[in-house]
Amino acid sequence: MNIFDRSQHIYVSSDFDAIIKDTIRFFNGTPVHSIPIPKRFSGTGVYALYCIAQSGTYSKFHKVNRTAFNMPIYIGKAVPKGWRQARQLSSTDNRSYELYNRIYEHSHSINMGEGLEISDFFCRFMILEGRESDLIGTVEAALIRRYQPIWNTLIDGFGNHDPGKGRYQQAKSDWDICHPGRPWAEKCQGIPANREDLFQSIENFLNNLDDEEQP
């Protein structure tokens, strides 16, 4: 039996950083659209939402994003059907609309959320299909690490779906505490976080934006 050597199990790729940098460069160069996107399109991939509110809770995003969309408020992904089971993509999979549908769902959440105006929100997205769809989770994680969007890292639950009958014993998400309005979230019976504490954490986060030069 071989002596255990951890170093023999570590995979390192000299190409990995270059690939991630290239995908982020491409992502940041894609056009920005209002939401919901008026034209339905097919594809899967990664997307970011941006806020430019001039008043209300997130008004400091206007200063950050007023000349360019530099700081996302949320980053997400839309994966192909069967992605978690590693099923092969078929021609019908290539005509699926997961990315469009996901952004469309988010527009509904924002419309229903208290204190939010859909006209203050925009998105950009990158379509990853075929072999490149294997990068979806990796690129999403890299973008979240880079930008630390507040609805990913601090106020959790924006991307949640209705948990369904029999699972409403869980607590309402932080996002739904801050922005109530989604009907299914009102059915959640668990003990939620304190609303005042959440808004204080948002204020602290946004105050830090004043001191940061965004890329």
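Trainee: Is Trp 151 buried or exposed?
Mentor: This is a predicted model, where local features need pLDDT of at least 70, side-chain atom pairs count only at pLDDT 80 or more, and totals for chains, interfaces and linings use all residues. Residues are numbered from 1 along each chain as its sequence is written, and side-chain values use heavy atoms, with hydrogens and water left out. Buried means under 20% relative accessible area, exposed over 50%, and partly exposed in between (1.4 Å probe, protein chains only). Trp 151 has a relative accessible area of 1%, so call it buried.

Trainee: How many aromatic pairs are there in the whole structure?
Mentor: Rings of Phe, Tyr and Trp (its six-membered ring) pair if their centres lie within 6.5 Å; planes under 30 degrees apart are stacked, over 60 edge-to-face, and the rest tilted. Searching the whole structure with that rule gives 13.

Trainee: What kind of pair do Trp 151 and Trp 175 form?
Mentor: Their centres are 5.6 Å apart and the planes make 90°, so by the over 60 rule this one is edge-to-face.

Trainee: And where do those two Trp residues sit?
Mentor: Helices (H or I, at least four residues) and strands (E, at least two) are DSSP runs numbered from the N terminus. The pair links distant parts of the chain, 24 residues apart: Trp 151 is in helix 5 (residues 150-153), and Trp 175 is in helix 6 (residues 174-178).

Trainee: What about Phe 158 and Trp 175, which kind of pair is that?
Mentor: Trp 175 is buried at 0% relative accessible area, and Phe 158 is buried at 1%. Their ring centres are 5.1 Å apart with 55° between the planes, which makes the pair tilted.

Trainee: Why does that pair tie together separate parts of the sequence?
Mentor: Phe 158 lies in the loop between helix 5 and helix 6, while Trp 175 belongs to helix 6. The parts they tie together are therefore apart in sequence by 17 residues.

Trainee: Which residues is His 106 in contact with, leaving aside its neighbours within four places in sequence?
Mentor: His 106 is found in helix 3 and is buried, at 1% relative accessible area. Contact means heavy atoms within 4.5 Å. On that basis its partners are Tyr 47, Leu 49, Tyr 74, Phe 158 and Gly 159.

Trainee: What do the buried residues of helix 3 pack against?
Mentor: The buried ones include Leu 99, Ile 103 and His 106. They pack against strand 2 (45-51), strand 3 (74-78), strand 4 (121-127) and helix 6.
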